[in-house]
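Please examine the structure shown below.

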Amino acid sequence: MAKLAHAQWSSRMTFVLAAAGSAVGLGNIWKFPYMVGESGGAAFVFVYLLCIALIGLPILVSEWLLGRRGQKNPASTMSELARTANKPKAWAIVGISGIIGAFLILSFYSVIGGWSLYYTLNSVSGTFSGQDADGIGALFNGMLSNPGLLLLGHSVFMLLVIGIVARGVTKGLEGAVRILMPVLALLLVVLIGYGMSTGHFGEALTYMFNPDWSKLTAETVLAALGHAFFTLSLGMGIMMAYGSYLGKEINLLQTARTVIIMDTVIALGAGLAIFPIVFANNLDVASGPGLIFVTLPLAFGNMDGGMILGLMFFLLLTFAALTSAISLLEPVVEFIEERSPLSRVMATIVAGVGAWLLGVAALLSFNVWSEPLMFGLGVFDLLDTLTSKIMLPLTGLGAILFTAWCLERDSVEAELGLSATGKSIWNIIARYLAPAGVIAVFITGLI
Ligand code: PHE
């Protein structure tokens, strides 16, 4: 059967929702608030916003631009663009490592998606009710030490992802984000509304927006930079793949601004939903990764309406994870679909089952296979480190360097619709500032 012509987003709005769906994920709801908590609140927020504007934005725009020009999966896009620009074919590595990075991340992202499903169930079944810190801690550790439970959560989550992606860009991806993103926004608004009613909203606001510059260290700056990268789903071929379904009429800079605002508002909103609850219950804001799986359930289990709030919170988390996970599978599927005789459905099954298998190894590293595999790390941590510290920065760096230095400068400036001043700013940022920033994160991440 002949394959259908390359898909296209049906409107700018659905593209924005899909890109924002990818960007808004565990990073926003889980990681950002705890990073703010650990790194001293507003000073971190400020630096993060700067990194998003100076590094995140140009790389996001570059990835879309490359994808739209190539109209293919990230690997074919990069080799094709390198060929037309008379540059070494080795540039294809940027696309390939993006696809591999997405595949690797999906494997362990789905494991956390499974935790989120499990906690959604726990909030309705009343498991958190009346528990003390030890009880909630035992629930979390009990989950991690139970391979069967982790496997179940991971498998259900991955099945959902496969089910959506198999249906294609218009029916699957767009169909999912059209429903999930508005519901996500609504849940967040209600949770923030609750935060306002606790009497501790002011404290949360001060905590998030009143900077204490003494807390700002080199480490904080780098963490902010790394997170700006992660939260926009850069360096994984995702935005390139999403760009390949993009029509010529879309204004990339404006669209990037919209997506970035949505991503940032939701990350800040998650903080404004979480911190008032934490303060109102006298819990520790700086509890790190355990903030939402240990600290929050403790609060939900001991407050009025905690069951429904807990349900809403973990549904929010699950939806955010789901729209990101589908974006992780997409570049892999696009690649297999275009480079093999497999149909969309078969390509999705092959990629999804592959990532699922690797995810099984990752989840076993929390229990039966906890001995370190390499560099003192288990499979889960190894996958996380390899992708977020090495592959993502390098791939994102490749994308911006190629756009800024290898493509014809005039045509890029025209495609972005830049004014004379806009051109100078773009060139300084895209050629020097953003690459230097990424290199800094990369090097310091390794030491
Ligand atoms: N941007 C997502 C988040 O903030 C993370 C993500 C990473 C999504 C990789 C897709 C791919 O959670």
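L253 is found in helix α12, where helices (H or I, at least four residues) and strands (E, at least two) are DSSP runs numbered from the N terminus. The model is predicted: local features need pLDDT of at least 70, side-chain atom pairs count only at pLDDT 80 or more, and totals for chains, interfaces and linings use all residues. Residues are numbered from 1 along each chain as its sequence is written, and side-chain values use heavy atoms, with hydrogens and water left out.

**Residues in helices**

L253 has a relative accessible area of 24% and is therefore partly exposed. The classes used here are buried (under 20% relative accessible area), exposed (over 50%) and partly exposed (in between), with a 1.4 Å probe and protein chains only. From L253 to F319 the distance is 27 Å, C-alpha to C-alpha, and 66 residues separate them in sequence.

Helix α12, which covers residues 252-280, also holds L272. L272 is buried, because its relative accessible area is 13%.

K171 belongs to helix α8 (residues 168-197). With a relative accessible area of 61%, K171 is exposed. Between the C-alpha atoms of K171 and R431 there are 38 Å, while the two are 260 residues apart along the chain.

A404 lies in helix α16 (residues 379-406). Its relative accessibility is 6%, so A404 counts as buried. A404 and S125 are 53 Å apart in space, C-alpha to C-alpha, and 279 residues apart in sequence.

**Two loop residues with positive phi**

Q71 sits in the loop between α3 (42-70) and α4 (74-84). Its phi is near 55°, a positive value in a residue other than glycine. Q71 counts as partly exposed, at 29% relative accessibility.

S233 is placed in the loop between α10 and α11 (238-243). For S233, too, phi is near 55°, positive although the residue is not glycine. Its relative accessible area of 5% makes S233 buried.

**The ligand and its shell**

Which residues come nearest to the ligand? Of the 15 residues around the ligand, these are A23, G27, T231, M236 and L328; a residue is near a molecule or strand if one of its heavy atoms lies within 4 Å of it. The shell divides into seven nonpolar, eight polar and no charged residues. In this division Ala, Val, Leu, Ile, Met, Phe, Trp, Tyr, Cys and Pro count as nonpolar, Asp, Glu, Lys and Arg as charged, and the others, Gly among them, as polar. At least two shell residues come from each of α1 (12-23), α2 (26-38), α10 (218-231) and α14 (306-339).

| Residue and its atom | Ligand atom | Distance |
|---|---|---|
| G27, backbone N or O | oxygen | 2.6 Å |
| Y109, side-chain N or O | oxygen | 3.0 Å |
| T231, backbone N or O | nitrogen | 3.0 Å |

Taken alone, the ligand exposes 320 Å², and the protein buries 100% of that; accessible areas come from the Shrake-Rupley method with a 1.4 Å probe, and for residues only the protein chains shown count as cover.

Technical notes
A polar contact is a pair of N or O atoms within 3.5 Å; within protein, one must be able to donate a hydrogen and the other to accept it, and residues adjacent in sequence count only if both atoms are side-chain atoms.
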